[in-house]
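Dear colleague,

Please read the notes with the coordinates open beside you.

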Amino acid sequence: MPTFRAPRGTRDLLPAERAAFRRLETIATDLTERYGYREIETPLFEQTAVFERGVGAVTDVVEKELFLLAPRTEESESWALRPEPTAGIVRAYIQHGMQTLPQPVKLTMTGPMFRYDRPQAGRYRQFWQFDVEAIGDPGPAIDAEIIDLALRFYRDAGLDRIEVHLNSIGDAACRPAYIEELTTYFRGHVDELPQLERDRLERNVLRLLDSKDPAMAALNATAPRITDRLCGPCAEHFASVKAHLDALGIGHVEDAGLVRGLDYYTRTTFEFYAPGREGQQQALGGGGRYDGLIELLGGRPTPGIGFGVGLDRVVLALAAEDVATRKLGKQLESAARDHAHFAVILGDELAGGQVQLRDLEAGSQQLVPLVDLARKLAAAAKSHRHGVGEG
Ligand code: HAM
């Protein structure tokens with residue numbers, strides 16, 4: 001008998017790991033509901049053209065990594081497994097006339113994506129994304145809100161030291177001149193370019209900036225920067241996004257090389273990293289604004305912004321930090337930081353129908369029968385006095 005195995009670059013999620021994913025899905029659902037997002041589900045495959053037009057034909061994701069489905073007959077349409085959710089969600093937004101709904105339309109989806117990438121730790125051919133899209137709002141406030149939402153997700157998951165990398169890559173008004181300048185720059189170094197980058201130079205020069213080829217690092221470091229060439233409205237938008245982030249107390253690193261691997265981005269782009277891991281191209285998530293995408297896929301001009309979180313990488317990062325099995329003390333600290341007044345601790349007493357109710361501000365704790373918990377909490381919430389014994 002042959003030995004059958006899961007395909008290269010894919011993994012079975014056995015029950016313990018599936019539970020870790022389920023926990024993240026629950027956190028995602030709770031958070032997105034609170035921020036007014038509604039769930040959508042699009043097919044695992046789309047017409048190939050949705051990705052070619054949406055993500056861009058001259059990108060790694062489409063040119064090298066797309067899983068194409070073999071046609072059944074000669075007339076069959078060309079289909080591809082989704083490498084990312086945004087193009088499909090925007091396709092659905094247009095197809096179902098969501099432009100007529102109150103804007104922005106806030107949508108969220110969690111599920112598997114497929115990229116024919118070279119498998120390695122944290123890089124799979126089937127991986128999971130938690131995705132959020134707000135379509136129909138030009139920002140800049142929502143840009144900051146969406147970054148805030150992503151950070152809350154990481155924090156609720158147990159990663160509270162996530163670094164935000166931020167950039168603006170301009171729009172149709174300022175990018176063409178920048179692209180010309182960048183092309184001239186790389187033409188001057190054409191002999192130093194690896195073959196793939198040389199091919200792309202005249203077709204999609206921005207992709208040279210996020211090339212995975214180590215030979216490109218030095219050239220990219222001295223390349224002209226888009227942030228120095230933004231037009232007035234883009235510069236103003238970017239400044240305002242940063243002001244909103246400051247107001248929310250969200251620190252960030254400006255990263256002029258952050259052009260992202262997909263073509264649909266305009267203006268704000270961002271990525272999330274666990275500290276010290278930026279260099280390994282192991283972003284825990286990323287996203288940005290895509291004000292031209294809806295039109296590109298046949299809709300009316302409509303702005304949009306969103307992000308995708310790589311759940312596989314979040315699970316790996318949690319395992320690395322060992323927070324999946326965090327000590328109670330750390331969890332209580334994190335609840336206090338979120339300004340929670342009470343914590344309900346489910347311990348061994350649960351078997352006897354009791355839980356510990358801890359008043360985080362007063363530092364007091366009391367054993368409460370589960371049946372009385374709701375009444376106790378309601379009474380305590382009404383009372384201005386601290387101390388759970390008084391409810
Ligand atoms: P992306 O940066 O291509 O963006 O992917 C988002 C996240 O998915 C990455 O930061 C990473 O955590 C995870 N990821 C990507 N490829 C792999 C892989 N091969 N194995 C494991 N994890 C992976 C997007 O896909 C955009 N759709 C995000 C977005 C939404 N932009 C606007 N709206």
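**The ligand site**

An oxygen atom of the ligand lies 2.8 Å from an N or O atom in the side chain of R115, a polar contact in the sense of a pair of N or O atoms within 3.5 Å (within protein, one atom must be able to donate a hydrogen and the other to accept it, and residues adjacent in sequence count only if both atoms are side-chain atoms). Please bear in mind that this is a predicted model, in which local features need pLDDT of at least 70 and side-chain atom pairs count only at pLDDT 80 or more, while totals for chains, interfaces and linings use all residues. Residues are numbered from 1 along each chain as its sequence is written, and side-chain values use heavy atoms, with hydrogens and water left out.

The elements that give two or more residues to the shell around the ligand are β6 (126-135), β10 (285-289) and β11 (304-310), where helices (H or I, at least four residues) and strands (E, at least two) are DSSP runs numbered from the N terminus. Of the 28 residues around the ligand, E84, T86, R115, Y265 and A283 come nearest, a residue being near a molecule or strand if one of its heavy atoms lies within 4 Å of it. The shell divides into ten nonpolar, ten polar and eight charged residues (Ala, Val, Leu, Ile, Met, Phe, Trp, Tyr, Cys and Pro count as nonpolar, Asp, Glu, Lys and Arg as charged, and the others, Gly among them, as polar).

Three bridges join β2 to β4 (residues 79-81), and F45 has L81 as its bridge partner in β4.

The other open sheet described here also has three strands, in the order β12-β13-β14, and its pairing is antiparallel. Here the edge strands are β12 (342-345) and β14 (364-369). Six bridges join β13 (residues 354-359) to β14, with S364 in β14 as the bridge partner of D359.

**Backbone points to check**

Most residues other than glycine have a negative phi, and most peptide bonds are trans. A cis peptide bond joins Q103 and P104, with omega about -5 degrees, and P104 is found in the loop between α4 (86-95) and β5 (105-114). The peptide bond from G139 to P140 is cis as well, with omega near 5 degrees, and P140 is found in the loop between β6 and α5 (141-157). R260, a residue other than glycine, has a positive phi near 70 degrees, and its place is in the loop between β8 (253-254) and β9 (266-273).

With kind regards

Methods. Two strands pair if DSSP finds at least two bridges between them.
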